Amino acid sequence: MKRNYLRALGGVAMAAALIGAAGCQDSGSGTETPSAQCGGTIATFGAFTGPNAGLVIPSLQGSKLAVKQFNEANPNCKVTLQEFDTQGDPAQATPIANQIAGDQKFLGVIGGAFSGESKATMPIYEAASLAMVSPSATNPELTAVGNKAFHRVVGNDSTQGAAASVYFKNTLKSTKVFLIDDGTTYGAGIIKEVKAGIGSLFAGEDKVQEKQTNFDATVSKVKGSQADAIAYGGYTNEAAPLLKQLRAAGITAKFVGFDGLYDPGFVSGAGAAAEGAIVTCPCLPADKAGGTFAADFQKEYGVAPGSYGAEGFDAATVFLEAFKAGKTARADILAFVKAYDKQGVSKYIKFDTTGDVDKTKVVIWAYEVKGGAIVAQSEIALS
Amino acid sequence: MNWNALFENIGQHTIDGLAKGAIFALVALGYTLVYGVLRLINFAHSEVWMVGTFAIFGFWSLLGVTDNPPLGTAIMLLLGGLLVGAAASGGTALLVERTAYRRLRQKNVPPLIFLITAIAISLVLQEIFGLWQGRLVVGMPSLIKRETVLTIGNAEINNIQIIILVSALVMMVGLDWFVNKTRNGRAIRAVAQNPDSAALMGINKDRVIMLVFVLGGIMAGAAALLWDMRYQITKFDIGFVLGLKAFTAAVLGGIGNLRGALLGGLLLGVIEVYGATLTQSTWEDVFAFVVLVVVLLFRPTGLLGESLGRARA
Amino acid sequence: MSQGIRGVTGAIGDRWRSLPGWQRFVAYAAGVAFLYYLPLLGIPGLTWFRTDYIEGGNSWAGVLFLCAVYVLIAIGLNVVIGLAGLLDLGYVGFYAIGAYSVALFGSTQSPVVQWIQQEFGLGTTWAVAWAACIPIAIAAAMISGVLLGWPTLRLRGDYLAIVTLGFGEIIRIVAKNMKEVTNGAEGIGAIPGPQGAPSADNNIFGLLDPKPWYWLALTVVLIMVFLVRRLENSRVGRSWLAIREDEDAAAVMGVQGFKFKLWAFAIGAALGGISGLLFASRQGFIQPAQFDAALSILFVAMVVVGGSGNMAGVAAGAVLLTYLPERFREVAEYRNLAFGVALLLVMLFIPQGLIPSRRRARELKDREKEAPANA
């Protein structure tokens with residue numbers, strides 16, 4: 001009997017403690033308010049770990065470099081860059097977006113690195129009037145849905161697809177082009193544009209899948225089509241074995257890939273087979289990028305800026321300029337981004353009403369794999 | 001469905017499929033051996049194979065191999081690769097058995113626990129290589145230049161396909177002979193038939209199980225060599241898809257049956273190439289699984305039936 | 001170590017069952033109240049547990065929502081694995097079907113809805129209401145469960161594993177390749193929630209605050225826990241146990257193995273469908289790549305690590321495997337390795353799971369004794 005009383009008493013005490021504790025809320029880290037007159041915190045999200053991290057890290061490094069240089073130049077205007085790793089998975093990006101939106105200290109967002117996670121989180125950032133500036137999400141649909149928060153400092157896939165068609169017609173003077181994509185939003189999206197662009201040059205197509213390693217059927221199809229050029233929409237992990245097998249089968253058709261292959265891993269993965277492959281990218285060659293960016297990047301990280309390194313730098317710069325102009329509220333920064341009009345390191349940055357960078361300012365470059373390195377070949381005229 | 005593309009070149013597609021399936025078959029042997037003896041699926045076997053592909057890659061890059069070396073050197077490198085691959089894969093298989101499976105066997109846990117353990121081992125091995133070698137494909141030099149050596153109709157058979165098919169067959173016949181004709185093989189069959197009686201007959205069951213894992217590992221090492229020679233790439237997570245295919249091949253032929261693994265592997269390779277030709281490469285996995293389900297519905301024990309113990313001795 | 005944990009959880013369990021009914025009720029009520037209070041967690045000291053406690057941490061309520069959804073999945077998969085003893089490696093397929101049901105019928109961006117709009121002359125804002133998507137999702141998942149189970153449940157356990165694994169992959173590949181129906185790899189956005197399509201005007205189930213979503217998911221979980229518990233203690237539940245322990249003996253006793261296995265499959269599938277629906281509604285956007293085989297394996301790991309057969313166990317497994325990687329984001333690149341090592345250690349040292357069902361622990365003990373000396 002006595003034990004029962006004790007238990008009941010214990011229960012009541014527990015409940016009281018819980019209720020009492022609930023009363024004295026610790027606000028946690030979630031509601032810090034911006035206090036400084038200048039500066040603030042920017043969030044960036046993307047696949048910083050996981051299998052696709054290789055494509056994203058350079059742009060993160062570019063952003064970090066921009067912030068570092070800014071803080072060194074403006075000691076009384078401190079800017080912090082907070083990373084949020086999503087592994088490229090929209091399911092992880094959504095709660096992260098809630099966190100960023102709910103924490104008032106975040107004044108702008110660099111990202112998302114990929115199109116899927118950007119699409120999943122755009123409405124959240126829009127509702128929080130947070131400006132997003134993506135260095136690398138290139139799916140055309142992202143700017144077609146009328147989202148007010150989303151901007152990107154990179155040309156979209158349709159521009160790149162159109163540029164590739166021009167390249168096939170004018171530079172390579174191809175007569176038959178075989179199209180291959182990996183079925184991802186990115187790969188299939190670009191190839192759709194190329195298909196529309198090349199018109200009668202179309203010789204056939206195949207869809208491969210992620211993690212595929214044997215491409216016998218694809219090789220047979222390419223052989224059967226007698227194409228003299230191949231366009232591949234996708235990433236390194238499938239492109240490298242595919243290209244090796246195409247070359248081993250004696251197919252000499254010109255291989256053209258897109259920015260997903262603007263990646264040193266592609267060259268080392270495909271080895272000798274990569275020689276002479278063309279990679280188009282809406283990114284400036286490092287030595288053409290404005291100012292001292294390429295040298296600074298090399299100095300900071302010991303490697304040349306990879307894919308979207310310059311875009312990452314530009315995306316951060318947009319926000320840094322906003323801080324410099326004394327903007328400290330989300331809505332003001334969003335307005336500032338919309339009106340942004342300045343030369344960046346990758347291109348001239350000015351957004352149109354949909355959030356795409358001004359079409360006339362987009363430059364697409366063709367790069368060629370030469371002697372185991374990706375070398376700038378020529379700018380592709382878009383007209 | 002592009003039936004035209006399939007039939008115009010049916011010979012070519014069949015050869016491509018057979019060469020593709022031969023590698024499945026060698027890996028499938030590992031599943032089949034372990035299953036035949038322990039009645040367990042060793043889901044970590046795909047990673048045993050992956051370790052082999054990396055070991056051979058490491059061996060070649062250590063020697064600074066470049067593209068298309070002279071034939072003599074190439075043959076030496078391939079034989080060396082076979083040793084390295086077999087040692088690495090066999091060793092990994094043995095390690096997995098000794099550190100993890102033996103403990104579980106002593107507790108006599110249900111198969112589900114084995115399965116999750118195997119998945120955990122796979123994950124650990126994958127992550128080790130992913131962290132160590134990066135997440136992107138790793139390219140290797142080509143040792144033997146691919147050349148068409150035989151033309152039947154409009155089907156071109158190249159030297160690499162012949163090497164793959166012949167070596168796979170040789171390995172397979174050797175294993176079949178080992179299991180059916182040698183003393184150790186008899187011990188394996190005895191344990192597969194009835195572990196307790198085998199123990200009564202003085203067979204050391206633990207030794208037999210270790211032997212089975214090592215044999216499966218050696219076959220995986222050979223498959224790794226053929227893979228590296230043919231595809232010249234590897235990646236930390238490359239085992240997942242191949243393991244799935246190899247296991248499907250083993251089940252298709254009748255798991256626990258060595259000859260079934262060969263038949264299942266070759267058949268699966270051909271089905272996939274046919275399927276990818278008929279539609280698009282992205283559907284080939286669907287073809288593989290649909291065929292598996294259909295076969296299992298009508299022959300629940302696979303095409304040749306499952307029997308390692310009752311193998312025609 | 002294994003003795004220790006088994007001893008502790010067992011002792012707590014025995015103590016718990018010996019309490020008078022009203023005290024247990026009060027404790028239940030307090031526990032449930034605490035669960036509802038959890039997203040607001042601000043008790044000094046306990047804030048350490050919040051995932052947003054660290055810099056770059058994830059939204060606390062958002063993670064809790066994911067935990068709740070995965071708990072629902074673990075409970076559903078537990079019916080299949082823990083209760084009926086069927087190894088399902090393709091559970092993500094049902095999750096995807098649930099998610100795609102609400103996306104395909106509820107979103108104005110879905111090709112299916114757009115086709116219906118055109119065919120029947122409905123306006124471009126028409127879509128199936130969210131509430132009506134719930135039965136669609138449950139029915140679609142159950143039907144696919146039966147369709148998958150009908151031919152395959154006659155197969156032996158190991159074959160079932162590979163066939164279900166294939167099923168999960170096929171669902172993903174089909175969702176990716178049937179562009180005309182599912183919008184392909186690009187995925188579908190504007191998936192509705194209880195208040196309709198996602199919009200900044202939704203005051204409860206809105207875009208910014210995940211808390212109401214967590215409370216919704218928690219409520220669904222509690223209802224399902226109650227229902228499944230009833231099921232476990234019913235004739236059906238006892239039949240499942242009988243099948244799991246010895247199918248032949250069960251058959252002799254007149255328990256039709258196939259029928260009850262099919263039930264387990266269908267019920268498990270329905271729960272997977274509901275969780276998929278909740279997930280898709282909250283996300284507002286899904287794409288096929290989110291439903292890969294790795295997720296299936298994570299689900300099975302949740303069940304086994306927690307303690308297959310015991311609902312409290314599998315729920316704990318789901319929460320831990322979702323929560324820990326989020327709370328300890330610092331290990332970033334090593335997250336998967338840590339996961340693998342932890343999984344391996346649990347399997348080697350406490351194969352019955354963290355909180356095993358008493359019956360299951362007994363079964364394992366029996367097996368250990370049966371093990372031949374030289375095994």
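## Chain A at a glance

Among the contacts inside chain A that link residues at least 6 apart in sequence, 71% join residues at least 24 apart. Keep in mind as you read that this is a predicted model. Chain A has 383 residues, and 60% of them count as buried. Its secondary structure amounts to 12 helices and 14 strands.

Strand 7 of chain A pairs with strand 6 (residues 177-181) of chain A in the parallel sense, and five bridges connect them. One of the residue pairs to look for is Val177(A) with its bridge partner Phe202(A), which lies in strand 7 of chain A.

## Where chain A meets chain B

Here 30 residues of chain A are in contact with 26 residues of chain B. On the chain A side, the elements that give two or more residues are helix 2 (53-73), strand 7 (202-207), helix 7 (216-225), helix 8 (236-248) and helix 9 (264-270). Helix 8 of chain A provides the largest share, six residues. Sorted by class, this side of chain A has 10 nonpolar, 15 polar and five charged residues.

## Where chain A meets chain C

Chain A touches chain C as well, with 39 residues of chain A in contact with 40 residues of chain C. The elements of chain A that give two or more residues to this side are helix 1 (2-23), strand 2 (79-85), helix 3 (90-102), helix 4 and helix 6 (185-198). Helix 3 of chain A gives the most, with nine residues. By class, the residues on this side of chain A divide into 16 nonpolar, 16 polar and seven charged.

Most residues other than glycine have a negative phi, and most peptide bonds are trans. The peptide bond from Gly111(A) to Gly112(A) is cis, with omega near -5°. Gly112(A) sits in the loop between strand 3 (106-110) and helix 4 (115-127) of chain A.

The other spot is Gln226(A), which is not a glycine and yet has a positive phi of about 50°. You will find Gln226(A) in the loop between helix 7 and strand 8 (229-233) of chain A. Gln226(A) has 13 C-beta neighbours inside 10 Å, so it counts as partly exposed.

## Chain B: a hairpin, a loop and a helix pair

In chain B, strand 2 (residues 148-152) and strand 3 (residues 155-158) pair in the antiparallel sense over four bridges. Thr151(B) has Glu156(B), in strand 3 of chain B, as its bridge partner. The hairpin made by these strands has two residues between them, and Gly153(B) takes a positive phi near 60° there. Strand 3 of chain B has a covered face, with Glu156(B) and Asn158(B), and an uncovered face, with Ala155(B) and Ile157(B). In a regular strand the side chains alternate between the two faces of the sheet.

Elsewhere in chain B, Asn68(B) has a positive phi near 45° although it is not a glycine. Asn68(B) belongs to the loop between helix 3 (45-62) and helix 4 (71-107) of chain B. With 14 other C-beta atoms within 10 Å, Asn68(B) is partly exposed.

Helix 6 (residues 159-181) and helix 7 (residues 183-193) of chain B pack at an angle of about 75°, with their axes 5 Å apart. These two helices are therefore roughly perpendicular to each other. Phe178(B), Val179(B), Asn180(B) and Lys181(B) of helix 6 meet Gly185(B), Ile188(B) and Arg189(B) of helix 7. By class, this contact has three nonpolar, two polar and two charged residues.

## An enclosed helix in chain C

Of its 15 residues, 15 are buried, so helix 4 of chain C is largely enclosed by the rest of the structure.

Methods. Residues are numbered from 1 along each chain as its sequence is written. Chains are lettered from A and ligands numbered from 1 in the order in which they are written. This is a predicted model: local features need pLDDT of at least 70, side-chain atom pairs count only at pLDDT 80 or more; totals for chains, interfaces and linings use all residues. Two residues are in contact if their C-beta atoms, placed from the backbone, lie within 7 Å. Ala, Val, Leu, Ile, Met, Phe, Trp, Tyr, Cys and Pro count as nonpolar, Asp, Glu, Lys and Arg as charged, and the others, Gly among them, as polar. A residue is buried if 20 or more other C-beta atoms lie within 10 Å of its own, exposed if 12 or fewer, and partly exposed in between; C-beta atoms are placed from the backbone. Two strands pair if DSSP finds at least two bridges between them. Axes are lines fitted to C-alpha atoms, for helices over the stretch in contact, and angles run from 0 to 180 degrees between N-to-C directions. Angles under 35 degrees count as roughly parallel, over 145 as roughly antiparallel, 65 to 115 as roughly perpendicular and the rest as oblique.
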